[in-house]
Amino acid sequence: MQFIDLAAQRKRLGERLPRAINRVVESGAYIFGPEVAEFEARMAQYIGTKHAIGCANGTDALLIPLMAAGIGAGDAVFVPSFTFAATAEVVALAGAEPVFVDVNPSDYNISIDSLEAAIRFIKEHGRLRPRAIIPVDLFGRAADYAAIEAIAAREGLMVIEDAAQSIGGTVGSRKCGSYGNVAGTSFYPAKPLGCYGDGGAMFTNDDALAEVLRSLAFHGKGKTQYDNVRVGLNSRLDTIQAAVLIEKLEILEEEMDARQTVAKNYVDGLAGVVRVPDLTEGTRSAWAQFAIETRRRDALKAHLAERGIPSVIYYPKPLHAQEAYRHFPTAPDGLPVSEAVPQRILCLPMHPYLEPESVDRIVRAVREFAGNESLTP
C-alpha cells in the first residue's frame, strides 16, 4: 500500500504524459515554451483569477509576493506555527520577521483570536511594523478568509494565501488560490496537483502586482531580459513541468470527487474511535492529507506499520519551537494548540486512487488496535 500512489495516476493518464513530454523535448523549447503560457491560462481560468504566474517552486511563490510588496527589515508577517517551514522561511529570507500565531484545534488553520492578539502585541511594542498575513490552507482546507480579509482591511495588511496544499479545494463556488491579494501554490509531486519535479504558481487579480511578480521571477526584467529594472530571482516553471500539469489539470476535478469519497469513508469508519476531520457542508477540502488525532499515536503508528499500512506525522514540531525560528516573536498568549497537536496527529494514506477495500483495511486496523476503547484525545 502506498501513502500517495502517483503510479496509479500515471497509469490512468497512460500515453498522454509521455506524448506531452516528448512534444516539448522534440520542440527544443525547454524554457518558456508555449505550454507554460497555456498552462497559466488554464490555471487562471480554473482558480478564477485574472492572472496565474508560473515559478520554480512553492517557496518562491510565497517569497516573490513579499519582494513585490517591499516587505523586509523591520516588518512583521503573521504566520501559523503548525505548518511546513517554507511559510516562515520566506519571511526571514525577505529580511522581515515571522510572528508565529496559533491554529484552530478543529481544522489546524490560523486562529483568528490568536492572530488578533499577535497584531495587538506587535503594535503595542512598536519594534516591528505589521505588514502581512500568510494564512495556510493546511491539509487542503481553506482558512477563514472572511475573518482574515476583514482584519487585513482594518489593519492595512497584505494577505498572501499559502495554497500549497489546497488546489482543488473550495468554499462555496470559490476556489482555494483565489483569496487575498495574491496566493502561492506548489506543484511538488505529492501535492493534489503535482508535476514531476519542482514547480509553483502565483495567482492574483491585480494587474500591476502581476506585472511585478512576473518581473521578479525573471531576474527583475523590464521590457526585455537584458533590461533589469529591479533585483529579482531566476524562478521559472519549466516547459516539461507545464506540459505534465496541463494533462493532470484535465483530471483534477474527477480526482477531487474521488478524494471526497475516500475522506467520507474514513470519517464514517473511524468517527468515535479517533478524532477525525469535520466534513463541513459547502466546503470542499483538497485532502492533501487525512489527519486523525489519538492519545496513543505512536503505538497506533507502529501497529499500522506491522500490517503494511504507511502513516506519516505532519508535523512533529511547530515552527516556533524549531532551532531556526525560536528567536522570532509569538502570539502573547502562547501557542497551546500548535504545541499539543504534534503529540497526537497522524496522517493516513490519502489519494484519489485509494480503493474502498484499502480504506476498509485501514479502518479495520485502527479499530482492531482500539478494541472497544475510544482513542480520541
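Predicted model: local features only at pLDDT ≥ 70, side-chain atom pairs only at ≥ 80, totals over all residues.
As a general point, strands of a sheet pair through backbone hydrogen bonds, either parallel or antiparallel.

Next comes strand β9 (residues 200–204), which is mostly covered, with five of its five residues buried. Gly200, Met202 and Thr204 point one way from the strand, while Ala201 and Phe203 point the other way, and all are buried. Strand β1 (residues 51–55) pairs with β9 in the antiparallel sense, this time over five bridges. Here His51 has Thr204 of β9 as its bridge partner. Strand β8 (residues 182–186) also runs antiparallel to β9, and four bridges join the two. Thr204 and Phe203, then, point opposite ways from β9.

On to a helix: α2 takes in residues 16–27. How far apart are its end C-alpha atoms? They lie 17 Å apart, which agrees with the 16 Å that 12 residues should span at 1.5 Å a residue. The buried residues of α2 are Leu17, Ala20 and Val24. Looking down the helix axis, these buried residues fall within an arc of 75°, so they line one face of the helix. Among the elements covering the buried residues of α2 are α1 (6–13), α3 (34–47) and α9 (239–250). After α2 comes Gly28, with a positive phi near 80°.

Finally, the cysteines. How many disulfides does the structure hold? The count is zero. Cys176 is in no disulfide, and the nearest cysteine sulfur, belonging to Cys347, is 17 Å away. Disulfide pairing calls for sulfur atoms within 2.5 Å, so that distance rules it out. Cys176 counts as buried, at 1% relative accessibility. Cys195 is likewise in no disulfide; for this residue the nearest cysteine sulfur is that of Cys55, 11 Å away. Cys195 is buried too, with a relative accessible area of 0%.

Definitions and conventions: Residues numbered from 1 in each chain as written. Heavy atoms only, no water. Expected span 1.5 Å × (residues − 1). Buried < 20%, exposed > 50% of the residue type's maximum accessible area, 1.4 Å probe, protein only. Arc of directions from axis to C-beta. Contact = heavy atoms within 4.5 Å. Pairing = 2+ DSSP bridges.
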